[in-house]
Structures are given as structure tokens and as C-alpha cells.
Amino acid sequence: MKKQLILALAFVAALMTSCKSSDKPLAGQNWHVENGVIVTNEPRRAAGQQSMLEFYTDPIPVVRVGFVGLGMRGPGAVNRFTHLEGVEIKALCDKYPDRAHACQRYLTNAGMPEAAEYSGEEGYKQLCERDDIDLVYIATNWQTHVEIALYAMEHGKHVAIEVPSATSIEDCWRLVDTSERTRRHCMMLENCVYDFFELTCLNMAQQGLFGEILHTEGAYIHNLTPYWDEYADNWRLDFNQKHGGDVYPTHGFGPCCEALNIHRGDKMEYLVSMATKSVNGLKVAKAKMGVDEFACGDHIVTLVMTKSGKSMEIQHNVFTPRPYNRLYQLTGTEGFANKYPITGFTFHNSQIDRDALPDIPRLDEHSFVSDEVKNKLLQYYKHPIHQEIEEKAKQVGGHGGMDFVMDYRLIYCLQNGLPLDQDVYDLAEWCCISELSAISHANKSMPVRVPDFTRGDWNKVKGLHFYMKGELPAAKIAKKL
Ligand SMILES: NC(=O)c1ccc[n+]([C@@H]2O[C@H](COP(=O)([O-])OP(=O)(O)OC[C@H]3O[C@@H](n4cnc5c(N)ncnc54)[C@H](O)[C@@H]3O)[C@@H](O)[C@H]2O)c1
């Protein structure tokens, strides 16, 4: 009897141990599982921090700027800023002194005084410590964005940071928290939201042309084979070698989030992600870095579900030979927009305002509208921002002009004391996709909750609004928040 009891107890103990190990909740460094969904740590808002929704400061009539990071991308920004009214370029900084110095020529050509030069890995600190700079414009490698931005905000500067501004969820929170505490703008320099087709489509979407947008697609598909040798100190391949997930999500994702009013009436709930193995990435890294592993899959697909039942797809592939493609697709109940590989629209006939657009014939609802109709629609629905600045933007250039539109809007909003078009929550939401997709893929595509960086305020502002001179954000905020 005693022997039987011991055996029974041993059996129960073994059963409990096995249940324990199989039921043990999965957990990573910064996440745990709740009801089958991976949930990353979401810190509470600390005392002394305030929401940055619709945040604006006193107007800054002359915006004094310091640039940090003058490799391939940064010098173009310096040049564009010489074409903006009401801007003084006070400082130029790059790790390598010759790169900072080389940008003086843009200032000289524009008849502007030379700027102070800083160099070395920590030269940006001296730039941020100056008391005659309002905005620090950061175009360094991904690994250094956050430390530079935090230092700048701690020293009272507004910051504009290249894409992706942050590459980890923790860094997204650090930028949100520091911006909320220091009350400094922290904007990502996501230029693709200002591209001519995307901004026109946003205007059409806001006027209801697509009906309710139910699904969006975006991508960054750009074969970087010719460029891997060009990045300073090999930072880009090095990052891809060490990190899985969609490491460059914002160009494809930003315009889609804007069309869906993310954190302005809707929010992302969870995502799932799946990546291929690395073949071409590994091949190039083996040759260049002598490594045998490569974390970033050649092609990665991520799907996001929103609170109000919309779906979003985003892809990343910088390794295989394909035509450049950001997809940009909006599927609405009443219409459809597509940018790559062919630009086109499809609409229910009832969506066309025949009084305003009498020349548009009856449409075939199964096909793209004709080029003639498309061009009429693009002209009619041109966004007011493009109406204002398109011509100059195309002359100054920068990805066909969209980069200048972005810089123009940043400076315009600062000069007029308006909320910026993109806030720190956009930055965090668009950037967090990197690490969240990596976590999902590494856990057999388990769903991962997308953090609410607004900490519950995602439904307080109704719809995305690009402010124009004379509008009163204070009145809007008082009503809505
Ligand atoms: N929005 C766009 O369309 C677009 C296009 C290209 C690049 N980018 C982004 O711009 C950024 C820069 O990319 P890039 O192609 O110019 O790379 P790059 O390697 O050519 O330039 C990066 C520069 O940063 C400098 N740097 C590194 N650490 C520094 C530090 N501590 N202080 C000062 N300078 C430092 C490097 O010396 C280098 O000159 C990246 O974030 C990239 O994703 C955006």
C-alpha cells in the first residue's frame, strides 16, 4: 500500500512538473504573454510628464538650427534649409570633421554666414549645449539617433530625427518620456507622407472619397546592393546583421497610419510577422564582415490589426533584385488607391462629385480610372500644402521635392507656433514595428500587442489635422483633451 502511495505521489509530482514546464508563460527580456498575446513592458507616465498631443510652443520667427550627421543624407538637408525663409544655420556636426566642413559651401553659396563646426563621436554635445539653437536636425546612423536626441531635448532643443528615429521599443519610450518631460518637440523626419500622391490621397481620404478605409499596404522594397559600401563605418549592414524584424518600416507605414488616423480616433492593437531566412543578406555580410549569421530575413511581412477592425500590411526587403516599391495601397468601402507599381484609383461612380468634376465620365468600377480621369482627380484634390509649396519644392528637390515639403512644414509650424504634422507618438508607433515584428517572428508569428504610447489618449483628437497659420490649436485642445 505504502509503495503504491509513493508511486502515485511520484506520478502526480511528475505530472505537475511536466504541466509546469509546458504551461510556463513565455517571456522575453522585455515582454510576457497575456491571453496568447505577447505584451511588451509599458511604463506608466511619470510625475512631471504631460501629453504631447497637439503640443505647440510660442512662435519662433527665426528658427536657429544645428545639423548632426552629414554623410549621404545630411548635406541635402543643409542645402534645402538654405532655401527656407526665417532660418539660421548655426552649427554643423559630423563624426568626421571634413564632412562638417564640406557643408559650409551650401551656406556660402546662399550668402549665409559660416556655421560653427563640431566633430568626433561626442561633438554633438557641444552643439546641443549652445544657447543659440532652437532645433537639432539629426541625420546620423540609426545607432546614434536616440542618444543625440535625448541630449538635445535635455538641453532645451526641439529635435527632428531621421528615419527610423528609434529601433527598439525601449528607445521609443525614452523619446516619448523625454519629450513629455522636457516639453520639446520630437519629430521623425518621415518624408514619404509628403510625397505628392500620398498627400493627395490623404486629402481624398479625409474628404471621404474612399469611404471607410478598411485595409492599407505599405512597404520598403529597395535593393540596397549598390549601396552597402557607402554607409559610414558599415553601420547599416551591421545593424541588419544583428537585428531581425522589419528594420526600416516608416516609409511604407507612416502614410498608411495617417490615412487611418492612428492615435487620432483609432489605434493599433496587435501585429503578427513572418520573415524568410536570410540568403542575400548573409551572402553580402559574409563577404564584407566575415560573419556566418544574419538576423534580418531577406523578405519580411507584418500584419497589423487596429482597434476599429482595420488591417494593415507592411513589407521589408532590401536584399533581392526588385523594382523600388513602397506599395501604398488604400482599400476603402467606396474606392481604392494604389501607388506602386502603377499609380491608379478605382471608385464607385457615386463617389465622384459631378457638379465639381463635370468632365469625368461614368467609371468602370472593375478597373483603374483612365489616366485622364486620374490626373483630373489628382489636380482637384491636391492638398493645400502642395498648392502652397509644390512648385518651389520641385525646384529645390530632395526625392522629387517631398523632402523640401517636409522641412518647409517643420519650420512653418515652429515659426507659427503650431502643432507639428507628426508628433512623438507617430514616431514611436511607426518605429516600434521594428522590434515588435522581430519578437513576433522569433516566436512563430505570435501576436504582439502594439503599445499605446499616448497612454490612453489615442481617441481624444479626432482625425489628423495639418495646421495652417492663424488656426488656434489652444481652442482645439481645450475642447478635445
Ligand atoms: N528619409 C529618407 O528618405 C532617407 C534617405 C536616406 C537616409 N535616411 C536616413 O538618414 C540617416 C543617415 O543615413 P545616411 O545614408 O546619410 O548614412 P551615412 O552613413 O552616409 O551618414 C551618417 C553620418 O553620420 C555620422 N555620424 C555617425 N555617428 C555620429 C556622431 N556620433 N556624431 C555626429 N555624426 C555622426 C557619420 O560620420 C556619417 O557621416 C539614417 O537614419 C537613414 O536611415 C533617410
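Q: Which domains does the domain assignment give for the protein chain?
A: This is a predicted model, where local features need pLDDT of at least 70, side-chain atom pairs count only at pLDDT 80 or more, and totals for chains, interfaces and linings use all residues. Residues are numbered from 1 along each chain as its sequence is written. Domain bounds come from an automatic or database domain assignment. For this protein chain it gives domain 1 (63–189) and domain 2 (193–384 + 432–455).

Q: How many helices and strands does the protein chain have?
A: Helices (H or I, at least four residues) and strands (E, at least two) are DSSP runs, numbered from the N terminus. By that rule, the protein chain has 17 helices and 17 strands.

Q: What radius of gyration does the protein chain have?
A: The radius of gyration is taken over C-alpha atoms, and the globule rule is 2.2 Å times the number of residues to the power 0.38. With 481 residues, a compact globule would come out near 23 Å. The value for the protein chain agrees with this: 24 Å.

Q: How far apart do the C-alpha centres of domain 1 and domain 2 lie, and how many residues does each domain give to the contact?
A: The C-alpha centres lie 27 Å apart. Two residues are in contact if their C-beta atoms, placed from the backbone, lie within 7 Å. The contact takes 13 residues from domain 1 and 16 residues from domain 2.

Q: Which element gives the largest share of the side of domain 1 that touches domain 2?
A: On this side of domain 1, the elements that give two or more residues are α6 and α7. The largest share is 3 residues, and it comes from α7.

Q: Which residues come nearest to the ligand?
A: A residue is near a molecule or strand if its C-beta atom, placed from the backbone, lies within 6 Å of it. There are 27 residues around the ligand. Those that come nearest are G71, M72, R73, E162 and A232.

Q: Why does the ligand lie between domain 1 and domain 2?
A: Look at who supplies the shell. The ligand lies between the domains because residues of the shell come from both domain 1 and domain 2.

Q: How do the residues of the shell around the ligand divide by class?
A: Ala, Val, Leu, Ile, Met, Phe, Trp, Tyr, Cys and Pro count as nonpolar, Asp, Glu, Lys and Arg as charged, and the others, Gly among them, as polar. The shell divides into 13 nonpolar, 8 polar and 6 charged.

Q: Are α6 and α7 roughly parallel or roughly antiparallel to each other?
A: Axes are lines fitted to C-alpha atoms, for helices over the stretch in contact, and angles run from 0 to 180 degrees between N-to-C directions. Angles under 35 degrees count as roughly parallel, over 145 as roughly antiparallel, 65 to 115 as roughly perpendicular and the rest as oblique. α6 and α7 pack at an angle of about 10°, with axes 10 Å apart. The two helices are therefore roughly parallel.

Q: Which residue other than glycine has a positive phi, near 55°?
A: Most residues other than glycine have a negative phi. The residue asked for is found in the loop between β10 (213–221) and α9 (235–242). With phi near 55°, it is D233.
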